[in-house]
Amino acid sequence: VPAAQYSVALVGAVTALFAATIAVAQYDIKKVLAYSTISQLGFMVAGVGMGAFSAGMFHLVTHAFFKALLFLSAGSVILGMERGHHHLAHAHHEERQDKGRKKKDEKRLVGAHEEVFDPGDMRNMGGLRKTMPVTFWVYLMGMLALADIWPFAGFWSKDEILAYAFSQGFTVIYWLLTIAAFFTAFYMGRQIWMVFFGKPRHEAAVHAEESP
């Protein structure tokens, strides 16, 4: 039913754009990827709604692989930050012992230090490409695929949906998805910059360790 199909496509396109705008405002490394997943599901639903069934399924498969890569890499970043923070907590613990503080005060202060630290907050990161180079390179490959950069998988699958929308005259759907695609490149570029480039914004990032 053409009217029902167009409604499905419109819901998918609006979802793709709306979720992308939410991802732009996130600071948690996994939340950016989670809202990005909702956005990409919108692309798939829009493709199926327009009748581009193979393109929608193609994007489902390619997205499954590069988003899995990104989530695994995000986990590696979080573990690296936790190891860096553990190093700090251990150093602070020894420093307090050297100053002769009581064990009760040490445990209370160390616990308070750990409680306020969020290893998944991108505002605590920065410069991790130097301490976690392997994670950086695999994260970068996943980011380029998600941002539709040639010749990575996302370029072929997402652009197939956009090409179908353009060629079949789905003008509104096409522009909604195109804007969403630019948002995707923006929030992933923002994430890569906050996590891996610039100067470390927390001591834990300085002491972060690569995953084995």
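1. Leu10 has a relative accessibility of 31% and therefore counts as partly exposed; buried means under 20% relative accessible area, exposed over 50%, and partly exposed in between (1.4 Å probe, protein chains only). Leu10 is located in helix H1. Helices (H or I, at least four residues) and strands (E, at least two) are DSSP runs, numbered from the N terminus.

2. The model is predicted: local features need pLDDT of at least 70, side-chain atom pairs count only at pLDDT 80 or more, and totals for chains, interfaces and linings use all residues. Residues are numbered from 1 along each chain as its sequence is written, and side-chain values use heavy atoms, with hydrogens and water left out.

3. Together with Tyr6, Val14, Phe18 and Val172, Leu10 forms a nonpolar patch on the surface, with about 440 Å² of accessible area in total. Patches are made of residues with over 30% relative accessible area and no salt bridge, like charges being joined within 9 Å and nonpolar side chains (Val, Leu, Ile, Met, Phe, Trp, Tyr) within 5 Å. Accessible areas come from the Shrake-Rupley method with a 1.4 Å probe, and for residues only the protein chains shown count as cover. Helix H1 (residues 2-24) supplies the largest share of the patch, 4 residues.

4. As to overall composition, the protein has 9 helices and 0 strands. Of its 212 residues, 44% count as buried. The protein exposes about 11000 Å², of which carbon and sulfur atoms supply 68%. Among contacts (heavy atoms within 4.5 Å) with a separation of 6 or more, 81% are between residues 24 or more positions apart.

5. The largest nonpolar core has 33 residues, and Ile29, Leu128 and Tyr139 have the most contacts inside it. Such a core is a set of buried Ala, Val, Leu, Ile, Met, Phe, Trp, Tyr and Cys residues joined through side-chain atoms within 4.5 Å. Two or more residues each are given to this core by H1, helix H2 (29-50), helix H3 (53-98), helix H6 (133-146), helix H8 (171-196) and helix H9 (203-206). H3 provides the largest share, 7 residues. Apart from this core lies another, of 19 residues, among them Phe43, Ile161, Phe170 and Ala181. In soluble globular proteins, nonpolar side chains tend to be buried together.

6. Leaving aside residues up to four places away in sequence, Leu128 touches Val77, Met81, Pro133, Val195, Phe196, Ala205 and Ala208.

7. Beyond residues up to four places away in sequence, Leu17 touches Leu176, Ile179, Ala180 and Phe183.

8. Phe197 lies in the loop between H8 and H9. Its relative accessible area is 23%, so Phe197 is partly exposed. Phe197 and Gly127 are separated by 70 residues in sequence and by 4.4 Å in space, C-alpha to C-alpha. Not counting residues up to four places away in sequence, Phe197 touches Gly126, Gly127, Arg129, Phe136 and Ile192.

9. The structure holds 2 salt bridges, a salt bridge being a side-chain nitrogen of Lys or Arg within 4 Å of a carboxyl oxygen of Asp or Glu. In one of them, the side chains of Arg123 and Asp121 meet at 3.0 Å, N to O. Arg123 is partly exposed, at 45% relative accessibility, whereas Asp121 is buried, with a relative accessible area of 12%.

10. Lys158 forms a salt bridge with Asp148, the closest N and O atoms being 3.3 Å apart. Lys158 lies in helix H7 (residues 153-167) and Asp148 in the loop between H6 and H7, 10 residues apart. Lys158 counts as buried because its relative accessibility is 0%; Asp148 is buried, with a relative accessible area of 12%.

11. Which side chain of opposite charge is nearest to the buried Arg190? That side chain is Asp121, 8.0 Å away, and Arg190 has no salt bridge; in this count, Lys and Arg are positive and Asp and Glu negative, while His and the chain ends are not counted. Arg190 lies in helix H8. Not counting residues up to four places away in sequence, Arg190 touches Ala23, Val24, Ala25, Gln26, Tyr27, Val32 and Met122.
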